[in-house]
Amino acid sequence: MTARRSTASEPPVTVEQLLTAVLAVLLDEREQRVREQPAARKPEALLADAGLPVPVIATLLGKQPSAVRMSVSRARSKPAGSEKQP
């Protein structure tokens, strides 16, 4: 299934590619919010809680897997209720 028609010179865009693009935009907005509101949950923690594996999260965010692991670990070690949900 393709999300849009393609011309002879363009390969079709898949639903997976569209979802990845939408996720990239949302993650960028989330990163901005975290910079503005340090108490907001980081995207790494949200994606990990949603069940995505660290290597996938790292790829989506353009970060090293070790940095993602550390961020997720720190978020999970905070007491419940210490982070504000935007």
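This note walks through the predicted model above, point by point.

1. **Ground rules.** The model is predicted, so local features need pLDDT of at least 70 and side-chain atom pairs count only at pLDDT 80 or more, while totals for chains, interfaces and linings use all residues. Residues are numbered from 1 along each chain as its sequence is written, and side-chain values use heavy atoms, with hydrogens and water left out.

2. **Overall layout.** The chain has four helices and zero strands. From the N terminus on, its elements run α-α-α-α. Helices (H or I, at least four residues) and strands (E, at least two) are DSSP runs, numbered from the N terminus. Of the 86 residues, 23% count as buried. Here buried means under 20% relative accessible area, exposed means over 50%, and partly exposed lies in between (1.4 Å probe, protein chains only).

3. **Contacts along the chain.** Contact means heavy atoms within 4.5 Å. Among the contacts with a separation of 6 or more, 40% come from residues 24 or more positions apart.

4. **Helix 3 and helix 4.** Two packed helices are described by the angle between their axes and the distance between the axes. The axes of helix 3 (residues 54–61) and helix 4 come within 8 Å and cross at roughly 110°. Axes are lines fitted to C-alpha atoms, for helices over the stretch in contact, and angles run from 0 to 180 degrees between N-to-C directions. Helix 3 and helix 4 are therefore roughly perpendicular to each other. For reference, angles under 35 degrees count as roughly parallel, over 145 as roughly antiparallel, 65 to 115 as roughly perpendicular and the rest as oblique.

5. **Who meets whom there?** V54, I57 and A58 in helix 3 meet P65, V68 and R69 in helix 4. By class, this contact of helix 3 with helix 4 has five nonpolar, no polar and one charged residues. Ala, Val, Leu, Ile, Met, Phe, Trp, Tyr, Cys and Pro count as nonpolar, Asp, Glu, Lys and Arg as charged, and the others, Gly among them, as polar.

6. **A look at E44.** Not counting residues up to four places away in sequence, E44 touches E31, I57, L61, K63, V68, S71 and V72.

7. S73 sits in helix 4 and, at 44% relative accessibility, counts as partly exposed. S73 and E44 are 29 residues apart in sequence and 9.8 Å apart in space, C-alpha to C-alpha. M70 is also placed in helix 4, and M70 counts as partly exposed at 43%. M70 and E44 are 26 residues apart in sequence and 9.5 Å apart in space, again C-alpha to C-alpha.

8. **V34 in helix 1.** V34 is found in helix 1 (residues 15–36) and counts as buried at 11% relative accessibility. Leaving aside neighbours within four places in sequence, V34 is in contact with A40, R41, K42 and P43.

9. **The largest pocket.** On a 1 Å grid over the protein atoms alone, a pocket is an open set of points where a 1.4 Å probe fits, with protein on both sides within 12 Å along at least five of seven lines; lining residues have an atom within 4 Å of a point. The largest pocket has a volume of about 150 Å³, a volume being the space filled by probe spheres set on the points. Eleven residues line the largest pocket, and K42, S71, R74, A75 and K78 lie nearest its centre. Helix 4 (residues 65–77) gives the most to this lining, with four residues. By class, the lining has five nonpolar, one polar and five charged residues.
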